[in-house]
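Please take a moment to look over the model before reading on. The paragraphs below go through it one part at a time.

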Amino acid sequence: ERKAALAASSGPGRTSDGHLVPLLANIGGPADLPAALEAEAEGVGLFRTEFLFLDDSAKAPSEEKQFEAYRKVLEAFPERRVVVRVLDAGADKPLDFLTPADEPNPALGVRGLRTLLDHPEVMAAQLRALARAAEGLPVHLEVMAPMVADRQDAKAFADACREAGLTAKFGAMVEIPSAALRARSILQEVEFLSLGTNDLAQYTFAADRQVGAVARLQDPWQPALLDLVALSAEAALATGKSCGVCGEAAADPLLACVLTGLGVTSLSMGASSIPYVRTALAKVTLAQCRRAAAAARAADTAADARAAAHQVLTGE
Ligand code: PEP
Ligand code: MG
């Protein structure tokens, strides 16, 4: 089945009427490159750099070790976008030497960019390694921060990137509702947004992503989540910037069409999902995607949102 999906799908992500939606890969490191290339990913939309830090939770990997891993990834995508996320430690990804051990609510504590702002030497080393890794390569490097809450966070990250001498686009992940609500203000400091729908759902519904009992609220078809996606995409459009999705939501072919209708400009997912999303997009027009998005947002439950979008997109 996977082979058939791969064979039937090729070329850039686009709707049947030619609206381009680049389909990018989520990767954890160089080991994921073959699958991304086989699926014809148009670049990398989320390079989770945490894996480099997992070998030794007592200290950060050396700048040299980071350089080597980043270089391999950047070399694999000439003339393409590669979006690297700086270390997202804490909460579901704790690191002994960085994450406070005594927090009552780690998901609401020092994690993501907050950790890096408390340990500026760790962020600086990572950004320097990235700057060196991109030297002389034709890649379009973009760097983004996880867990940006407001404009002050976005500015602190952009300042750190500039100080490290990085020539790249700087972006902010939208994973906290405040960032979606004030996306325009964040876009004063950075050049793109990337929606991390896994954490955005967690924080929107006060539903821990690691607790199965509240999985109903983690459903990315929840209309409230779609509203926050729409707010972010509208802010990006109004300022001439891009707004991608790199959470699990992008890997659902039907939802990928709805996200496109909401104004999202690229979709990043595990490589194995790319053929399915490419095939789904190729069957619908942009106008259909927009109607499906409006129908989903008009619903009151995740199940109804999905059914309404399905009806618009397939006529069934
Ligand atoms: C997300 O939160 O949606 C995301 C892409 O980041 P992670 O799953 O690594 O937290
Ligand atoms: Mg996240």
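Two strands pair if DSSP finds at least two bridges between them, and the helices (H or I, at least four residues) and strands (E, at least two) named here are DSSP runs, numbered from the N terminus. This is a predicted model, in which local features need pLDDT of at least 70 and side-chain atom pairs count only at pLDDT 80 or more, while totals for chains, interfaces and linings use all residues. Residues are numbered from 1 along each chain as its sequence is written, and chains are lettered from A and ligands numbered from 1 in the order in which they are written.

Strand β1 (residues 23-27) runs parallel to β8 and is joined to it by three bridges, with Leu24 standing opposite Ser268. Strand β7 (residues 242-245) is also parallel to β8, to which two bridges join it, and here Gly244 has Ser266 as its bridge partner. A residue is called buried if 20 or more other C-beta atoms, placed from the backbone, lie within 10 Å of its own, exposed if 12 or fewer do, and partly exposed in between.

The same terms describe helix α12 (residues 274-282), where seven of the nine residues are buried, among them Ile274, Tyr276 and Leu281.

How do two helices of this model pack against each other? Helix α11 (residues 253-262) and helix α13 (residues 286-298) meet at an angle of about 95°, with their axes 7 Å apart; the axes are lines fitted to C-alpha atoms over the stretch in contact, and angles run from 0 to 180 degrees between N-to-C directions. The two helices are therefore roughly perpendicular to each other, since angles under 35 degrees count as roughly parallel, over 145 as roughly antiparallel, 65 to 115 as roughly perpendicular and the rest as oblique.

Most residues other than glycine have a negative phi. Met147, in the loop between β4 (140-145) and α6 (151-163), has a positive phi near 60°, and this residue counts as buried because 25 C-beta neighbours lie inside 10 Å. Ala206, in the loop between α9 and α10 (223-238), also has a positive phi, of about 50°, but Ala206 counts as exposed because it has 10 C-beta neighbours inside 10 Å.
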